[in-house]
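This report is written for a reader who meets the structure for the first time. Please look over the sequence and the fold before reading on.

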Amino acid sequence: MKQIRSLCVLCGSREGTDPVYREAAIRLGRLIAEQNVRLVYGGGSIGLMGIIADAVLSAGGEVVGVIPDFLIRYEIGHHDLTDLVITGSMHDRKRRMFEMADAFVVLPGGLGTLDETFELITWRQLRLHDSPIIVLDVEGYWAPLLKLIDATIAAGFADPATTELFMVARTPEEVLQTLAGVVPTKEEVLTSHL
Ligand code: AMP
């Protein structure tokens, strides 16, 4: 597993009704910046997207946004980022975000976040990538999604190993701990070659 230098965060273009979602985005953003990990995200300045980008930037971190040209107006493209990549389509946006990241975190979000999350998980199932995917289940927000995936397995429509394609964290701190656990330290890499 390669070292995590860029983390792609998928999250809502809205803030949600409970302030815990906003707080989780801010905490995750600060932790990412402290670890010198670059944030890759959808490039907007609204909702949890804007909140996490601002949190990373104000903690001195790097942020790359990836946004299709037609969405710059609706999602109010963030103009203070380290870099803003403008794509011609949604598919290009997803491809560029996926190419630029070494791991993925899913914060609360809506249908767009779900679309991106399912693509990531199904592509991992098809062995098109092996990057870690961590679902940040803030106050049980993703419990219905996890239940739905369990139901697909129970009904025989998905392999029981599907749940091994992603990890679940309850707090932003746990996300970082989980990532540290899947990425071998320099010492582990060295000793594995002895
Ligand atoms: P949402 O979770 O619906 O607030 O959307 C989160 C992000 O996903 C936003 O930047 C949306 O533009 C993006 N999005 C929405 N639908 C799609 C889609 N079908 N494919 C890729 N991204 C999408």
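## A strand inside the sheet

Which residues of S3 are buried on one side and which on the other? In this predicted model, Val 63, Gly 65 and Ile 67 are buried on one face of the strand, while Val 64, Val 66 and Pro 68 are buried on the other, so that both faces of S3 are covered. In a regular strand the side chains alternate between the two faces of the sheet. Because 6 of the 6 residues of S3 are buried, the strand is largely enclosed by the rest of the structure.

S3 also has a paired neighbour in S2, to which it is joined in the parallel sense over 3 bridges. Within this pairing, Leu 39 stands opposite Val 63 of S3.

## The sheet as a whole

The open sheet is formed by 7 strands, which follow one another in the order S4-S3-S2-S1-S5-S6-S7 with parallel pairing. At its edges are strand S4 (83-87) and strand S7 (167-169), each of which pairs on one side only. Neighbouring strands of this sheet are turned against each other by 25° on average, with direction ignored.

On another part of the sheet, strand S5 (residues 103-106) and strand S6 (residues 133-136) run parallel and are joined by 3 bridges. Here Val 105 has Ile 134 in S6 as its bridge partner. Strands of a sheet pair through backbone hydrogen bonds, either parallel or antiparallel.

## Helices on the sheet

Helix H2 (residues 47-58) packs on the sheet, where it touches strand S1 (6-10), strand S2 (38-41) and strand S3 (63-68), and the direction of H2 makes about 160° with that of S2. Helix H3, for its part, lies across S1, S2, S3, S4 and S5 and runs at about 160° to S3.

Helix H3 covers residues 90-100, and Met 90 belongs to it. With a relative accessibility of 37%, Met 90 counts as partly exposed, and together with Phe 70 and Tyr 74 this residue makes a nonpolar surface patch of about 330 Å². Lys 94 lies in the helix H3 as well, but this lysine is buried, with a relative accessible area of 9%. If neighbours within four places in sequence are left aside, Lys 94 is in contact with Asp 115, Glu 116 and Glu 119.

## Salt bridges along the chain

The count of salt bridges comes to 8. One of them links Glu 15 with Arg 22, whose closest N and O atoms are 3.0 Å apart. Glu 15 is partly exposed, with a relative accessible area of 37%, and Arg 22 is likewise partly exposed, with a relative accessible area of 35%.

Another salt bridge is found between Asp 92 and Arg 95, with the closest N and O atoms 3.4 Å apart. Both residues lie in helix H3, 3 residues from one another, which is about one turn of the helix. Asp 92 is partly exposed, at a relative accessible area of 28%, and Arg 95 counts as partly exposed at 42% relative accessibility. Salt bridges that share partners join Asp 92, Arg 95 and Glu 99 into one network.

## A link between two loops

Where does Arg 170 lie, and which residues does Arg 170 touch? Arg 170 is placed in the loop between S7 and helix H6 (172-182), and, not counting residues up to four places away in sequence, this arginine touches Leu 136, Asp 137 and Val 138. Arg 170 and Ala 103 are 67 residues apart in sequence, and their C-alpha atoms are 17 Å apart in space.

With Asp 137, Arg 170 forms a salt bridge in which the closest N and O atoms are 2.4 Å apart. Since Asp 137 lies in the loop between S6 and helix H5 (143-154) and Arg 170 in the loop between S7 and H6, the pair ties together parts that are 33 residues apart in sequence. Asp 137 counts as buried, at 3% relative accessibility, whereas Arg 170, at 47% relative accessibility, counts as partly exposed.

Key. Residues numbered from 1 in each chain as written. Predicted model: local features only at pLDDT ≥ 70, side-chain atom pairs only at ≥ 80, totals over all residues. Heavy atoms only, no water. Patch = residues over 30% accessible without salt bridge, like charges linked within 9 Å, V, L, I, M, F, W, Y side chains within 5 Å. Areas by Shrake-Rupley, 256 points an atom, 1.4 Å probe, with all protein chains shown as cover. Salt bridge = Lys/Arg side-chain N within 4 Å of Asp/Glu carboxyl O. Helix = DSSP H or I, 4+ residues; strand = E, 2+ residues; numbered from the N terminus. Buried < 20%, exposed > 50% of the residue type's maximum accessible area, 1.4 Å probe, protein only. Pairing = 2+ DSSP bridges. Axes fitted to C-alpha atoms, helices over the stretch in contact; angles between N-to-C directions. Contact = heavy atoms within 4.5 Å.
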